[in-house]
Amino acid sequence: MSRKSIVFCDILQSTFVTQSIDKKLISRIRGKGMGSVWTTADFADLGERTAIAKALSRHVKAGDIKRIGRGLYTYPQTHPVLGELTPSIETIVDALKGRDQVRLLPTGAYAANLLHLSEQVPARIVFLSDGPNRKVQVGKLEIELKHVAPKRVAAADRMSGLIVEALRYMGKDSVSERSVATIAKSIDERQAKQLISDLRLAPAWMRPHLRAIAQTKGTVE
C-alpha cells in the first residue's frame with residue numbers, strides 16, 4: 001500500500017472515530033434531558049480526554065450545549081417567558097461530585113434555606129468537602145467547595161448532616177421550638193432514627209435540639 005493510501009486511511013479512521021464520539025456524546029446528553037449538567041469526566045469511556053474536550057467544544061460552537069463554567073456544560077433549558085434557565089444548584093453539585101469523587105455537604109444560609117428555616121438563597125453557596133478547595137462560577141452564582149476534616153462531612157449524604165449544618169449556621173442562641181418544628185416537617189421516621197445515630201457528629205449544645213426533632217417522629221423514648 002502506498003504512503004498516500006496509508007495517510008488517506010488514517011484520515012478516514014480518525015474522522016470516523018471523531019464522528020462516533022460526537023454522536024455518542026450528544027446522544028447521552030440529550031438522553032438525560034434539558035437542564036442536565038456534565039463534565040469531561042462523564043464521557044471518559046468514549047475516548048481520550050483531548051478528543052472528548054474537542055467534541056464538547058464543537059457542540060458548544062454548534063449551539064447544542066452551553067459551557068457554564070470551567071469544565072462544566074449544560075443542555076440548555078428554555079422557558080417561554082423567562083428565557084434560558086440556569087441549571088439547578090443540585091444538578092451542578094451532582095456533576096462536581098461525580099467529577100471529583102468527593103463528598104459535599106451544604107452549609108451556611110443555603111443549608112438553612114433547604115430546610116425552610118430561611119427564604120434567603122445566597123449568591124455565594126458554600127459546600128463542605130473532603131476534597132480540595134475549589135470555586136466554581138456559574139453566571140452570577142458562586143459555588144465554593146471548602147475542604148474540612150473527614151468527620152465534618154461524615155453525614156454528607158444524609159439529612160442529619162444537613163440539619164447539623166443548618167443549626168450551626170443559626171447559632172446556639174437562635175434555635176427555637178419553631179425551628180425544631182419546621183425541620184421535623186422535612187424528615188421521615190427513618191431519617192429521624194438516623195439523626196439519633198449521628199448525634200456523635202454534632203456539637204454538645206445541638207444534641208437536645210436534634211433529639212427534640214427526632215422525638216416528633218416517635219423515635220425517642
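1. The largest pocket has a volume of about 280 Å³, in a model that is predicted rather than determined by experiment. A pocket here is an open set of points on a 1 Å grid over the protein atoms alone, where a 1.4 Å probe fits, with protein on both sides within 12 Å along at least five of seven lines, and lining residues have an atom within 4 Å of a point. Grid points are joined across faces, edges and corners, and the volume is the space filled by probe spheres set on the points.

2. Two remarks on the basis of the values belong here. Residues are numbered from 1 along each chain as its sequence is written, and side-chain values use heavy atoms, with hydrogens and water left out. Local features need pLDDT of at least 70 and side-chain atom pairs count only at pLDDT 80 or more, whereas totals for chains, interfaces and linings use all residues.

3. Which residues lie nearest the centre of the largest pocket? They are L104, P106, L114, F127 and A156, out of 16 residues that line this pocket. Helix α3 gives the largest share of the lining, 5 residues, and α3, β6, α4 (108-114) and α5 each supply at least two; helices (H or I, at least four residues) and strands (E, at least two) are DSSP runs, numbered from the N terminus. By class the lining has 11 nonpolar, no polar and 5 charged residues, where Ala, Val, Leu, Ile, Met, Phe, Trp, Tyr, Cys and Pro count as nonpolar, Asp, Glu, Lys and Arg as charged, and the others, Gly among them, as polar.

4. The open sheet of 4 strands has the order β6-β7-β9-β8 and mixed pairing, two strands being taken as paired if DSSP finds at least two bridges between them. Its edge strands are β6 (104-106) and β8 (134-138), each of which pairs on one side only. Neighbouring strands of this sheet are turned by 25 degrees against each other on average, direction ignored; axes are lines fitted to C-alpha atoms, for helices over the stretch in contact, and angles run from 0 to 180 degrees between N-to-C directions.

5. Both senses of pairing can be followed through β9. Strand β7 (residues 124-129) pairs with β9 (residues 141-147) in the parallel sense over 6 bridges, and within this pair F127 stands opposite L145; F127 is also among the residues nearest the centre of the largest pocket. On the other hand, β8 and β9 run antiparallel and are joined by 5 bridges, with V136 opposite I143. The hairpin of β8 and β9 has 2 residues between the strands, and G139 takes a positive phi near 60 degrees there.

6. Two helices lie across the sheet of point 4. Helix α3 (residues 89-100) lies across β6, β7, β8 and β9, running at about 140 degrees to β8, while helix α5 (residues 159-170) lies across β6 and β7 at about 45 degrees to β6. Helix α3 also lies across β1 and β3, where it runs at about 20 degrees to β1.

7. The open sheet of 3 strands has the order β1-β3-β2, with antiparallel pairing. Strands β1 (37-39) and β2 (66-69) stand at its edges with a single partner strand each, so one side of each is left without a neighbour in the sheet. Neighbouring strands are turned by 40 degrees against each other on average, direction ignored. Strand β2 pairs with β3 (residues 72-74) over 3 bridges, and R67 has Y73 as its bridge partner.

8. R67 and Y73 are also among the lining residues of the second largest pocket, together with T39, T40, A41, R49, A53, R70, G71 and R99. This pocket has a volume of about 220 Å³, and its lining has 3 nonpolar, 3 polar and 4 charged residues.

9. Some loop residues deserve a look. Q101, in the loop between α3 and β6, has a positive phi near 55 degrees without being a glycine, and Q101 is exposed at a relative accessible area of 65% (buried means under 20%, exposed over 50%, partly exposed in between, with a 1.4 Å probe and protein chains only). H116, in the loop between α4 and β7, likewise is not a glycine and has a positive phi of about 65 degrees; its relative accessible area is 60%, which is exposed.

10. G131 touches V102 and H147, not counting residues up to four places away in sequence, contact meaning heavy atoms within 4.5 Å. G131 and Q101 are 30 residues apart in sequence and 8.1 Å apart in space, C-alpha to C-alpha.
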